[in-house]
Amino acid sequence: MEFKNKILNLCNVTDVKEIGGVLMNAVLKNNIDFFNGYNSIIDDTKDWLQALWQYYEADRVEKKQDYTPKSLCKLVSVLANDCKSVYDCCGGSGALTIEVLKNHNIDNVYVEELDERVIPFLLFNLCLHNTAGYVVNGDVLTGKIKKVYFLNKGDTYSSCEVVKNVDVTKMMDIAISNPPYNIKWEPPLPLEACERFPVIPPSSNANYAFALHCLFKTKKRAVLILPNSVCTSAQDLEVRKYLIENDLIESIVTMPEKMFEATDISTCIMILNKSKKYRGRVILIDSRKNCTTETREQNGQFGGKSHTGRTYKKTYNVLSDDNINQILDAIENSKEIIGFSKVIDNEGIAENNYCFQPSTFFDIQLDSKENHRSYEDIVNDLNYIIRMRNSCKLVINESLAKELNFDTETYKKAIENSKENTKNIKAILSLDLLSDDYISFTKNKNEICFKSNDKEVLSHLFKFFIMRWSQDLDLLNTMENRFLAELRDALIPDLLSGKIDVDNVAAENM
């Protein structure tokens, strides 16, 4: 509230929505006095412009805007290692890039952001830190560009100008990103696939679309903040398989929940590396307990008097410098620490169906105070297996099934037991466990079919079915064409000789 009032006064406006226009004007005119005025009203404890935008303007519904907390920014910056240039995908107000600028000697940046409303905040933040490079207002996934800004390093602050274009193939030393999570997108058709997408992520979410784009834009490595579901989600299986088989994943770090301002979502850090130090293996880290807590107070600002008169307290998980250093040490030295980090070779991950949730690979320590993984983690893993099994459903006539030696009663009992387990888990743990739905018996005579039983996941079994069906179809088509040709050759002499009168045949059939 105090900062909001100060910046409203500095901008000489009365509404937060007017601040962006003033910031853009200051950037394009290189208003040194305004930059100095802004520096006089802030301290270095946090990114105040990010906080202002997050609270008043962030679009949580459509654009999934949850801007990156400071300790996660610090971790990403440390994991960036030595770099001279940085690419920031979905840069927001610039928090990730600014943290990298503080800790590395960066020559130039390349930041992309879709929301033109936050562009003034992004440009102002970068100019304030005397940054050189480009800011692109456009859609990362489609490649459509609205406007390009060029930042030129000055004595104290950057100058900024609008330019016509930018080299979209330009690659940087490091790519960083905290993209919007789980948004739907329109992937290119297989024949339209470009170099960015050697394997095409599903339309149901763009998490790996952003990851592959970042991999394309970096010379060395990409450090990404992604939802934890990318480690196990069935719809992303083909992308995970590609990354493992091409030895591109350096490390996966599970982060604590409750780190963001507006969501409690569980996230992970994914490090992709084109030139890994430790080839053929992945360093898996569970940092959910490697954190500290912080309580923040905030006065209510919207609604009636009962709301605005209250002070709210919220506890967040944050990473201390020691927490960050422990993560860095485990990655740089490929170090195994019981309950915290484990090194798994690519073959081991492949055997786990290309799932790389760190906690699933850790040995249970029976002498510890807590001798099991979280219930949620276990249920999530169970749901993954059940969903994969359900994705290919057999529907078969019950009598036919018995003729084929199916133990129908055992299958029926297993399905009922699964439904009962779902109810019990919901009642005891308040968690949603999927029920088995991979077989059903009908009375329809001789009916037997395999159904794709999931709107998002296509079972790998269908690939074999389709391949065999296609091969059989090709064979039958070839045989059919041979007999049609034989029939044609037999008909031609009889038609030419008049032995078969086409007109009479046609008239008889009318």
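Two strands pair if DSSP finds at least two bridges between them. Select β8 (residues 249-254) and β10 (residues 281-286) to begin: they pair in the parallel sense over four bridges. Within the pair, Ile-252 stands opposite Leu-284 of β10. Helices (H or I, at least four residues) and strands (E, at least two) are DSSP runs, numbered from the N terminus.

This is a predicted model, in which local features need pLDDT of at least 70, side-chain atom pairs count only at pLDDT 80 or more, and totals for chains, interfaces and linings use all residues. Residues are numbered from 1 along each chain as its sequence is written, and side-chain values use heavy atoms, with hydrogens and water left out.

**Whole chain**

Show everything. The protein has 17 helices and 16 strands. Of its 510 residues, 46% count as buried; that term means under 20% relative accessible area, with exposed over 50% and partly exposed in between (1.4 Å probe, protein chains only). Among contacts (heavy atoms within 4.5 Å) with a separation of 6 or more, residues 24 or more positions apart account for 69%.

Strands of a sheet pair through backbone hydrogen bonds, either parallel or antiparallel.

A hairpin of six residues joins β4 to β5. Pick Asn-152: its bridge partner in β5 is Ser-159.

Axes are lines fitted to C-alpha atoms, for helices over the stretch in contact, and angles run from 0 to 180 degrees between N-to-C directions.

**A helix crossing**

Select α3 (residues 32-39) and α7 (residues 119-128). Their axes come within 11 Å and cross at roughly 85°. That makes α3 roughly perpendicular to α7, a term for angles of 65 to 115 degrees. Show side chains: Phe-34, Phe-35, Tyr-38 and Asn-39 of α3 meet Phe-124, Cys-127 and Leu-128 of α7. By class, this contact has six nonpolar, one polar and no charged residues. Nonpolar covers Ala, Val, Leu, Ile, Met, Phe, Trp, Tyr, Cys and Pro; charged covers Asp, Glu, Lys and Arg; the others, Gly among them, are polar.

**The three-stranded sheet**

Move to the open sheet β15-β14-β16, where the pairing is mixed. Its edge strands are β15 and β16, each pairing on one side only. Neighbours here are turned by 20° against each other on average, direction ignored. Strand β14 (residues 392-397) pairs with β15 in the parallel sense over four bridges. Asn-397 has Thr-442 as its bridge partner in β15.

**Last stop: Lys-445**

Lys-445 sits in the loop between β15 (439-442) and β16 (448-452). At 76% relative accessibility, Lys-445 counts as exposed. Select Leu-400 too: Lys-445 and Leu-400 are 45 residues apart in sequence and 8.1 Å apart in space, C-alpha to C-alpha.

How values were computed
Angles under 35 degrees count as roughly parallel, over 145 as roughly antiparallel, 65 to 115 as roughly perpendicular and the rest as oblique.
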